[in-house]
Amino acid sequence: MIDALLEKIKNGNPRALARLISKVEDESPELPEIIARIYPHLHSTLRVGFTGPPGAGKSSLVNKLLPLFKKRGHRIGVIAVDPTSPFTGGAILGDRIRMIDHQLDNDVFIRSMGTRGSLGGLAQRSRDVAKLLDYAGYDIILFETVGSGQVGSDISKSADAVAVVMVPEGGDFVQTMKAGIMELADIYVVNKSDRDGANHMVRSIQGMVELSVFETGWRPPTVCTQANADVGMDEFMQKLDEFIAYQKENGLFEKRRREQLIMEVGDILQDLLRRQVKSAFDTGAIEDVVLEKIIKHESDPYTAAHELLEHKTSL
Amino acid sequence: MENKIRVVVAKPGLDGHDRGAKVVARALRDAGMEVIYTGLRQTPEQIVQTALQEDADVIAISILSGAHMALIPKIIELLKKEEAEDIIVLGGGIIPEEDRDKLLDAGVYSIMGPGTDTRDIARIIKDAVKERGEKIAS
Ligand SMILES: Nc1nc2c(ncn2[C@@H]2O[C@H](COP(=O)(O)OP(=O)(O)OP(=O)(O)O)[C@@H](O)[C@H]2O)c(=O)[nH]1
Ligand SMILES: [Mg+2]
């Protein structure tokens with residue numbers, strides 16, 4: 001089954017790709033096998049994240065940038081994340097509305113995702129979806145997420161470059177987000193710069209940048225755009241190029257990827273252990289193997305937990 | 001592991017507004033589904049590509065005028081061409097009886113009139129997806 005889907009993906013079948021993406025999203029037990037199969041064939045494509053407050057124009061911006069990436073000969077995969085309702089588990093995924101110019105374009109694949117259950121899980125799911133897009137021959141991946149703290153930052157951890165998209169009215173957002181997503185920005189975008197207050201917004205961002213210390217020496221620039229009118233797109237691309245070049249010249253590109261990989265393996269390990277622990281509860285293994293000994297004081301909770309960890313088979 | 005139901009809600013054609021489609025989208029979200037909302041004025045080709053890329057289980061089409069009579073069979077035809085006829089197509093809106101039968105003959109799973117309770121729409125979708133799952137499994 002996986003073989004057949006992978007073969008179809010290689011032949012450019014969008015539905016086969018979409019099917020495997022669903023397996024990632026549904027955390028299918030086949031996931032580790034799928035990733036193991038495709039990983040030798042991946043090209044480690046460039047990944048750019050766009051995050052910022054709701055309605056800032058992230059989708060519109062991506063929509064206008066797609067032709068510029070295409071002009072450079074790229075095929076682009078877009079992963080657009082919208083929040084899942086914590087009450088019902090459902091979601092309205094509306095980012096495509098702003099990207100309809102590319103609906104029929106073979107060189108663009110757009111996938112909408114809900115944040116679903118665990119936020120930590122979202123980072124891993126989006127990394128894995130990016131791998132599938134890479135396998136299918138998309139050589140640039142763009143992530144869009146609403147930048148409400150955790151979500152934005154989780155996704156951003158799997159990107160080579162992060163653009164934080166703001167609007168002129170976002171002054172309060174700068175204040176409240178200082179400690180959150182603002183510090184993830186490699187590039188700031190002030191979109192809707194046709195509106196009053198754009199200059200003020202640019203100044204307050206730059207004021208904040210000036211007061212900050214940047215470990216890598218890159219000081220995030222600010223680009224003004226109008227994503228509904230194609231204004232500022234070339235400038236954005238130029239800043240993106242400059243950033244990527246800076247990262248590569250200074251060994252930072254590789255460094256960031258290495259750090260992300262360490263984090264990814266760590267995340268997966270944590271998830272595996274969490275599942276094992278859960279199954280130890282579910283199957284009653286703790287009760288069966290160690291409980292009596294602890295009650296009789298032949299063992300103690302710490303010794304028992306270590307024993308269970310060492311002899312994983314009993315978990 | 002959980003297989004979430006994914007529904008593309010579409011309002012094809014050039015006419016009208018998408019108020020009804022939005023109401024349905026919200027109701028389906030509230031029933032725990034992931035709704036890919038595509039907005040107004042989508043062509044059958046665009047709707048089908050969206051459904052393919054999004055791995056939709058269902059395409060729910062809001063029908064407002066006679067013009068949709070041409071669009072919906074076209075969507076079903078395109079799905080067949082893409083070997084994706086297992087994607088369930090639902091229609092909702094005001095349509096005369098004779099058109100109704102034509103659409104059902106063309107392969108529309110169910111047609112819901114304007115007064116249909118949104119909870120019923122969610123239930124119909126859940127049943128249809130379940131039924132399809134059983135058919136594929138057997
Ligand atoms: N005036 C103005 N409106 C814009 C601009 N860019 C986008 N918009 C509009 O802003 C609204 C929101 O744009 P989106 O692209 O959907 O914003 P988003 O950040 O992706 O929104 P979410 O994904 O819902 O968080 C739309 O109505 C756009 O047409 C701009 O530069 N100027
Ligand atoms: Mg958006």
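Which domains does the domain assignment of chain A give? The assignment, which is automatic or taken from a database, gives domain 1 (1-37), domain 2 (42-250) and domain 3 (262-314). The model is predicted, so local features need pLDDT of at least 70 and side-chain atom pairs count only at pLDDT 80 or more, while totals for chains, interfaces and linings use all residues. Residues are numbered from 1 along each chain as its sequence is written, chains are lettered from A and ligands numbered from 1 in the order in which they are written, and side-chain values use heavy atoms, with hydrogens and water left out.

The C-alpha atoms of chain A fill a box of roughly 75 × 50 × 45 Å along the principal axes. Between domain 1 of chain A and domain 3 of chain A, the C-alpha centres are 32 Å apart. Chain A contains twelve helices and eight strands; these are DSSP runs numbered from the N terminus, with helices being H or I of at least four residues and strands being E of at least two. Of the 315 residues in chain A, 52% are buried. Buried means under 20% relative accessible area, exposed means over 50%, and partly exposed lies in between, with a 1.4 Å probe and protein chains only. Chain A exposes about 15,200 Å², and carbon and sulfur atoms supply 54% of that area. Accessible areas come from the Shrake-Rupley method with a 1.4 Å probe, and for residues only the protein chains shown count as cover. Among the contacts in chain A (heavy atoms within 4.5 Å) with a separation of 6 or more, 73% are between residues 24 or more positions apart.

Next comes ligand 1. It is surrounded by 19 residues, the closest being Gly57(A), Lys58(A), Ser59(A), Ser60(A) and Asp95(A); a residue counts as near if one of its heavy atoms lies within 4 Å. By class, this shell has four nonpolar, seven polar and eight charged residues. Here Ala, Val, Leu, Ile, Met, Phe, Trp, Tyr, Cys and Pro count as nonpolar, Asp, Glu, Lys and Arg as charged, and the others, Gly among them, as polar. Helix 4 (58-71) and strand 5 (140-146) of chain A each supply at least two residues of the shell, and helix 4 of chain A gives the most, with three.

A backbone N or O atom of Gly55(A) is 3.0 Å from an oxygen atom of ligand 1. For Lys192(A), a polar side-chain atom lies 3.0 Å from an oxygen atom of the ligand, and for Arg98(A), a side-chain N or O atom lies 3.2 Å from one. On its own, ligand 1 has 650 Å² of accessible area, and the protein covers 78% of this.

Gly49(A) is found in strand 1 (residues 46-52) and is buried, with a relative accessible area of 3%. Beyond its neighbours within four places in sequence, Gly49(A) is in contact with Phe143(A), Ala159(A), Ala161(A), Val162(A) and Ala163(A). Gly49(A) and Asp160(A) are 111 residues apart in sequence, yet their C-alpha atoms are 7.8 Å apart.

Arg127(A) is in helix 5 (residues 119-135) of chain A. Its relative accessibility is 4%, so Arg127(A) counts as buried. Not counting residues up to four places away in sequence, Arg127(A) touches Ser158(A), Met263(A), Glu264(A) and Asp267(A). By contrast, Asn199(A), in helix 8 (residues 198-211) of chain A, is exposed, with a relative accessible area of 56%.

After helix 2 of chain B comes Asp55(B), with a positive phi near 50°. Asp55(B) is in the loop between helix 2 and strand 3 (58-63) of chain B, and is buried at a relative accessible area of 10%. In chain A, Ser44(A) likewise has a positive phi of about 50° although it is not a glycine. Most residues other than glycine have a negative phi.

Terms used
A polar contact is a pair of N or O atoms within 3.5 Å; within protein, one must be able to donate a hydrogen and the other to accept it, and residues adjacent in sequence count only if both atoms are side-chain atoms.
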